[in-house]
Amino acid sequence: MSQTTIILGFQPGGRAGNQGRGRSGVALMLGDGAVESDVVRGVDEAFAWFRARIPDGAAPVGAGIAAPLFWETSAGGARRADTWLRRARPEFARAIRPLNAVMGATVMQGMAMALRLRAAWPAIGLNETRPGPLMATFRADPGFVGSALAVSVAQWSALNEGAEDRSAALLSAWWTARCLDGPAPHDLALLAPKALMPAGQATSFWPLEPARWLAA
C-alpha cells in the first residue's frame, strides 16, 4: 500500500441514550501506518471529519463500512452472502441477521455514508464489513497473538469514549486496506450478481484463510 493511500472506516451509531450507541465510529488509515479515529454524531459529522483530514486534491481509495451495502429482493429480502456465512460459520448465526431485521440506523446511516462517499469520490472502493464476526475469526486463528492486528486491537480497546465504535471503524478500515493490498479475498457480494447496490458497485470481503492476512 502506497504511503499516500487513504482508507476510511465507518461504524454507524444506534439509538441516542443507549450507552452512547447514538455515536458513530470513524477512522482514517494512511499507507505509512498512520491511523486516526474518533466518535461522532451521525453521517454529516462523520463526512465532515473525513473531509477535514483528506488533503486537497487527494482521494481515498477505499472505505470499509460496517453496514449492508447491497440488497436482494427475493422472499424476505434474504441475502445470499448472509446465508452463506451463517452456514459456513454457525457460531455467527445470531450476529448475521436478515436484512429486514437489522437496526434501522445501521441500514440507513451506512447507505447514506456510502452515497456521500461515492458522490464525493466516484472511484472509491466501498467494502461492507462485519466487525464482530471478523474479529472473532481472527482471534480464533493461531497467528493472531503477536500480529499487527492484535497489537492494534489492544490499543483500540484502551480507548475510553466510544471504544467499541472506534474499534469497529478501525477494523473496517484495516480489513479493507488489507483486501485492496493483499492476496485476492473472497467477495461474498459476488454470490448475488443481480443485487441492488444503491451507491454503486460494492464488495463484501471475507477471509477464508485468516492467517494470510495477519502477517500483513
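Student: At what relative accessibility does Arg89 stand, and what does Arg89 count as?

Tutor: The model here is predicted, so local features need pLDDT of at least 70 and side-chain atom pairs count only at pLDDT 80 or more, whereas totals for chains, interfaces and linings use all residues. Residues are numbered from 1 along each chain as its sequence is written, and side-chain values use heavy atoms, with hydrogens and water left out.

Arg89 counts as partly exposed because its relative accessibility is 21%, where buried means under 20% relative accessible area, exposed over 50% and partly exposed in between, with a 1.4 Å probe and protein chains only. Taking a salt bridge as a side-chain nitrogen of Lys or Arg within 4 Å of a carboxyl oxygen of Asp or Glu, Arg89 forms one with Glu91, and the closest N and O atoms of that pair are 2.6 Å apart.

Glu128 lies in strand β5 (residues 125–128), helices (H or I, at least four residues) and strands (E, at least two) being DSSP runs numbered from the N terminus. With a relative accessibility of 3%, Glu128 counts as buried. Its side chain reaches the backbone nitrogen of Leu69 at 2.9 Å, a polar contact being a pair of N or O atoms within 3.5 Å; within protein, one must be able to donate a hydrogen and the other to accept it, and residues adjacent in sequence count only if both atoms are side-chain atoms. Not counting residues up to four places away in sequence, Glu128 touches (heavy atoms within 4.5 Å) several residues, among them Ile65, Leu69, Arg79 and Phe205.

The structure holds eleven salt bridges in all. One of them is formed by Glu36 and Arg53, whose closest N and O atoms are 2.8 Å apart; this pair links distant parts of the chain, 17 residues apart, with Glu36 in strand β3 (residues 35–40) and Arg53 in helix α1 (residues 43–53). Glu36 is partly exposed at 36%, and Arg53 is partly exposed at 32%. A further salt bridge joins Arg41 to Glu45 at 3.0 Å between the closest N and O atoms; Arg41 is exposed, with a relative accessible area of 60%.

The interior can be followed from strand β1 (residues 6–11), which is largely enclosed by the rest of the structure because six of its six residues are buried. Ile6, Leu8 and Phe10 point one way from β1, while Ile7, Gly9 and Gln11 point the other way. Two strands pair if DSSP finds at least two bridges between them: β1 runs antiparallel to strand β2 (residues 24–30) with six bridges, Phe10 having Val26 as its bridge partner, and pairs in the parallel sense with strand β4 (residues 62–65) over four bridges, where Leu8 stands opposite Ala63.

Leu8 and Ala63 are also both in contact with Leu117, as are Phe47, Phe50, Ile65, Ile124 and Leu126, leaving aside neighbours of Leu117 within four places in sequence. A nonpolar core is a set of buried Ala, Val, Leu, Ile, Met, Phe, Trp, Tyr and Cys residues joined through side-chain atoms within 4.5 Å; the largest has 54 residues, of which Leu117 and Leu126 touch the most other members. Helix α6 (residues 163–181) gives the most to this core, with six residues.
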